[in-house]
Amino acid sequence: MDTVLFQASLQFMSIHDILQWIDMNRITCVVTVSLTAENEIILYCEQGKIVFGTSCRQGASLGEALVKSGALKEAVAMQAVVQSRAAGVSLTRYLLEENLLSLPTLSNQFRQYLLQLLLEVFTAQSGSVTI
C-alpha cells in the first residue's frame, strides 16, 4: 500500500503552491491531481522536479497526443503501446529503442504534452491533490 504524504482540495491550496513546496523540499513523489471522476493527471517528481506526467482522461494519453501532433500514425502508436506494455517498458523507452522517434523529437513532443497537462491542472477551479 502506498503512503499518502499529503492530500488537499485545490480550493484550499493551489497546485502552484503544492508544486513549489515539493520543489523547495526536493521531494521525490507521485502527485495525483483528480479534476473529475474521469480525469486524473499524474505527475512524477524526482528531487522536486517534474520528470514525467500522464493523464487518465480518454483521449489525453501521450500516445494519443503523439498521433494528434502528427509525430506518429495511429496504427504505429497503438502497436507501440501494446508492445511496450507486453515488454514491460515505458512507451517513451520503446519508441526510442525501436527508432520510432528520435530523442529530440520525443523530447519536444513530450515537453508540449506536459505543458498541456500543466495548463489543465493550473487552470482547474476544483479538484483534489494526493501526494
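Arginine 93 and glutamate 97 sit together in helix 4 (residues 91-97), four residues apart, or about one turn of the helix; helices (H or I, at least four residues) and strands (E, at least two) are DSSP runs, numbered from the N terminus. Their side chains meet in a salt bridge (3.9 Å, N to O), a term for a side-chain nitrogen of Lys or Arg within 4 Å of a carboxyl oxygen of Asp or Glu. Arginine 93 is partly exposed at 48%, while glutamate 97, at 51%, counts as exposed. Here buried means under 20% relative accessible area, exposed over 50%, and partly exposed in between (1.4 Å probe, protein chains only). This is a predicted model, in which local features need pLDDT of at least 70 and side-chain atom pairs count only at pLDDT 80 or more, while totals for chains, interfaces and linings use all residues. Residues are numbered from 1 along each chain as its sequence is written, and side-chain values use heavy atoms, with hydrogens and water left out.

The whole structure holds three salt bridges. Side chains of opposite charge can pair when their charged atoms come close.

Another salt bridge joins the side chains of glutamate 120 and arginine 57 (3.1 Å, N to O). Glutamate 120 belongs to helix 5 (residues 103-122) and arginine 57 to the loop between strand 4 and helix 2 (62-69), so the pair ties together parts that are 63 residues apart in sequence. Glutamate 120 is partly exposed at 22%, and arginine 57 is partly exposed at 34%.

Glutamate 120 has another partner in asparagine 39, whose side chain makes a polar contact with the glutamate 120 side chain (2.6 Å). A polar contact is a pair of N or O atoms within 3.5 Å; within protein, one must be able to donate a hydrogen and the other to accept it, and residues adjacent in sequence count only if both atoms are side-chain atoms. Asparagine 39 lies in strand 3 (residues 39-46) and is buried, with a relative accessible area of 7%. Leaving aside neighbours within four places in sequence, asparagine 39 is in contact (heavy atoms within 4.5 Å) with Val33, Ser34, Ser55, Arg57 and Glu120.

Next comes the strand pairing, which calls for at least two DSSP bridges between two strands. Strand 2 and strand 3 form a hairpin with two residues between them, and seven bridges join the two in an antiparallel arrangement. Within this pairing, serine 34 stands opposite glutamate 40. Strand 2 also runs antiparallel to strand 5 (residues 128-130), through three bridges, with threonine 32 opposite threonine 130. Strand 2 is mostly covered, as six of its eight residues are buried. Valine 30, found in strand 2 (residues 29-36), is partly exposed at 37%.

Most residues other than glycine have a negative phi, and most peptide bonds are trans. Arginine 26 has a positive phi of about 50° although it is not a glycine; this residue is in the loop between helix 1 (15-24) and strand 2 and is exposed at 58%. Glutamine 47 likewise has a positive phi of about 50°, and lies in the loop between strand 3 and strand 4 (49-55).
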